[in-house]
Number of protein chains: 2
Amino acid sequence: MKASQFFISTLKEAPADAEVVSHQLMMRAGMIKRLGAGIYNYMPMGLRVIRKVEAIIRDEMNRAGAVELLMPVVQPAELWMETGRFQAYGPELMRVKDRHDRDFIIQPTSEEVITDIARQELRSYKQLPRNFYHIQTKFRDERRPRFGVMRGREFTMKDAYSFDRDKAGALKSYQLMFDAYKRIFDRFGLQYRAVAADTGAIGGDASHEFQVIADTGEDAIAYCPTSDYAANVELAEAVSLIATRAAPTQALAKTPTPGKSTCEEVAALLGIALATTVKSLVLATDDKNEAGDIVKTTVWLLLVRGDHAMNEVKVGKLPGLKDAFRFATVTEIEEHFGCKPGYLGPIGLKKPVKVVADRTVAAMSDWVCGANEADFHITGVNWGRDLPEPDLVADIRNVVEGDPSPDGQGVLAIQRGIEVGHVFYLGTGKYSQPMKAQFLDENGKPQPFEMGCYGIGVTRILGAGIEQNHDARGIIWPASIAPFQVAVCPIGYDRSAEVQAAADALHAELLALGVDAILDDRGERPGAMFADWELIGVPQRVVLSDRGLKDGQVEVQGRREAEASKLPLAEVAAAVKARLGA
Amino acid sequence: MKASQFFISTLKEAPADAEVVSHQLMMRAGMIKRLGAGIYNYMPMGLRVIRKVEAIIRDEMNRAGAVELLMPVVQPAELWMETGRFQAYGPELMRVKDRHDRDFIIQPTSEEVITDIARQELRSYKQLPRNFYHIQTKFRDERRPRFGVMRGREFTMKDAYSFDRDKAGALKSYQLMFDAYKRIFDRFGLQYRAVAADTGAIGGDASHEFQVIADTGEDAIAYCPTSDYAANVELAEAVSLIATRAAPTQALAKTPTPGKSTCEEVAALLGIALATTVKSLVLATDDKNEAGDIVKTTVWLLLVRGDHAMNEVKVGKLPGLKDAFRFATVTEIEEHFGCKPGYLGPIGLKKPVKVVADRTVAAMSDWVCGANEADFHITGVNWGRDLPEPDLVADIRNVVEGDPSPDGQGVLAIQRGIEVGHVFYLGTGKYSQPMKAQFLDENGKPQPFEMGCYGIGVTRILGAGIEQNHDARGIIWPASIAPFQVAVCPIGYDRSAEVQAAADALHAELLALGVDAILDDRGERPGAMFADWELIGVPQRVVLSDRGLKDGQVEVQGRREAEASKLPLAEVAAAVKARLGA
């Protein structure tokens, strides 16, 4: 491709509404152009990246035995009523009426349509397993679209759906997709982690998010550098940091801590380790009668170590607290503890509360907590001796860096990530059963399909890839998804016949080697030309000049390299190909 | 590709709502699956054809210097208000509101968005010419969707838009696209014609439709088999069939023609050629004042030869009749002709009418027309002698088979066709000017872009291709857009190790030669297997059996061939490649 036959449009400044670096750089590099809130034109430079991302996805999906089809953007609402999603889906679901006043939706995803296809097409167990996918435009009417393609309204997604005869088969299909996703993300050349994800709200019990690692990511990921373990921080299991509870060595003592209500302040005041303090959090649950009136309220005291944070997702799964807890009111707290929040603890209660200790807290001895009296704490607290054993010991905290990995293979580190892929075991409850999507088993008996769904945010890959790979000068694309792999930059293309001939020949040679090269024949000055390709993020640059060519030399510079290398013109094409790892 | 890894789903019977053969065959071959009225899932077999069609289009568009981008499906209504199309477009335009009650449309085409891009991106004459295209999902809410993908609501279209500094440039861009379209349709392997089209309603003065020839087509095309001339029948120029008017030889005579009101009946009764008769058609135009009241009505008599038909499109372009004529009422006719319709003519009028003669009629002598008296005609009529020369001589009829081609290169034939492509010179009035899309010329003066637009109905190509290429057994795809080019059909793949080995090897050999082959390893009986591939329309079939392999022979059969040829196994891959013209 010659630059004069392509469309290059770079900007010095990003528009003010571009908040994150990927959005800024995509706008500046001329990859996207805003059409409306969360709606972008993909300009030629951006579309090339999308097509490369799609090609890798398609290749690996096919290799994994999935078959591509194409489901419509505009879908009849009837199917979405069968699963109840037409009603249940929030305003993110774009609803539209046709000229005959019939309801349709603009697809945010295609479970209903593919299940409708399956219930018509897959009639026998002999046709299973089956995995269909498509790469199609999606629309989600986000309340607050932002961050460019990272949270847009219209976007491109690859979504795949597997159909199996039983759960064992479905989990095998899941594993096939999991493995395909690893190959896909490996080929993207992005740092990523497959992260165990929450399956709570949607049901099913296997789910992984594929997170592209980036400091600016919305999600925190706990992972073990010496094993495969990775999970969202909110889901990562926090083990006890103390193997066995030690015997008491201190006597119980009330200590004045005037105005020091946090564990940090108390530890500093008393000159003790933060890890000897225990934080009290008070929750409540309400039992209601059929009329919805509260008939009984239970107050819960949750104890986590002073340097730990409570995890509401984990708490929400505990018996008695499941899906229904709230924070206690100040009145409830005073009633049970005889004290305002800030100096609470499990000793000397006015009324009984249920005590839940984090695993680590349950193994502590000689610890410090509030005295249930303003401006006082208690030190030397020991389970059994000074208070009863907790009602419940559970994992109720977030993991922190340095925690043992739950798989016992090392210690956890924490990184931030951007979710760009998701594999999900669905089972039968969400789609097959409500839509009566069944096949006949060996005995001729109808059975619901065991389903899985598997998404990759195609356009989001661009944003996440840039968040991970950029510097002050612009984007740094991995070679596999760069819009072009090499920029051939002749200096004086329009003035020097020798430069022109050498540049044309090198360009042709690179193309013949299968390298996706662009020849910059625009006649820009070297500074502007180099700045463009650095902003656009092309991985390799070759500069040809009259002076260099006199010695038969050209300059090659990788996008991450501080300096160029001189190479003989005759060797440069092969060298560039090798540098691309192609 | 192995059939077991693909998805094949054929039907013996087409659903009752499939009215045309392409719809029936696409349903039966498992290419599409209905989701709603005019909305289809493209199943794996159909999607392969779409992808091949898209690849050819993309290749030739790029070669012609057009640059691909991608514009959104959901577009803000504001832009469509700038051109007035939001209001003017009928209910075919799908309108939708987002969660903030803002207006959007589902794109049926993208002139507004591309013009918005151009007015921001193309600031100088130096950036012109420029041609952008995309291949994207479109939606048109047809009142009566039918014929499968031929008149669906959701479909895929390639639309390109050119921007030039002046009309000469725009016509050059137009010609580039015209030539690219010829290459595209040549590569599709479909019989087609580039047909001069009406530009009336949209403006501009260059427009061609690319019509795929098919007996079932909605449009009639007049073309010259010995030249490039082709036009919609309604637009094809009808020249005079008589070079010079001959001198009168007959006297004027009134002849009784009781009950014979049509030219055919009169010619039969009098034993004369239909080509000596003249048909009278009476139109009217009304002049109105500013209040909209009719202040004057003019009655027009249009004369075409008895074997010709009046063309309302042509009449609608005549001075005085332009865009405003209606058929005259019986009262008006009686008032002016003193006679009811059926025996009308230009001689002996009660009140003056404007007489418009078709070119051929104006050159006739000794002709026959109604006598303006019930049950009577006049014979031997001659211009000048019996009545004044016509007020206007013009082309007001449809061409018929055998007419001279307007380019003087032969005679016209008529075929039916299906419009699948359209190239259109737009000028500045429709989009550039209302949207103030301007560039700066050499003098720094803002000028509106001269635009053109160029569409190909990607999904419609499938329907049109099948309407043209099918037989009683199914579809017959051209090799370039067939879902697979060769079906390797082993008999007893699961029973004979020798057959399996030979089939696997041949399949691999074909793939290595770049032939898109599918190996049917489903274990179907030969009859069912052959019927499937004939229905699906794969151009070449190779059958391997134990018996044939004993002699080292396999059978090759082209989809249009009545019988198979025996070929040595070692030669068959190369032979098949040659048969495909690949």
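**Entry 1: how the copies meet.** I began with the interface and found that 100% of the interface residues of chain A are also interface residues in chain B, so the copies meet through the same surface. Contact here means heavy atoms within 4.5 Å. I noted that this is a predicted model, where local features need pLDDT of at least 70, side-chain atom pairs count only at pLDDT 80 or more, and totals for chains, interfaces and linings use all residues. Residues are numbered from 1 along each chain as its sequence is written, chains are lettered from A and ligands numbered from 1 in written order, and side-chain values use heavy atoms, without hydrogens and water.

**Entry 2: the rotation.** I superposed chain A on chain B with a rotation of 179° and 0.0 Å of shift along its axis, at RMSD 0.3 Å (least squares on the C-alpha atoms of residues with pLDDT of at least 70 in both). The two copies are thus related as by a two-fold rotation axis. Of the residues of chain A, Val96(A) comes closest to that axis, its C-alpha lying at 2.8 Å.

**Entry 3: a sheet in chain A.** Next I looked up an open sheet of three strands, ordered S4-S6-S5 with antiparallel pairing. Strands are DSSP runs (E, at least two residues), numbered from the N terminus, and two of them pair if DSSP finds at least two bridges between them. S4 (74-76) and S5 (94-97) of chain A stand at the edges with a single partner strand each, so one side of each has no neighbour in the sheet. I found three bridges between S4(A) and S6(A), residues 103-106; Val74(A) has Ile106(A) as its bridge partner there.

Definitions and conventions. Helix = DSSP H or I, 4+ residues; strand = E, 2+ residues; numbered from the N terminus.
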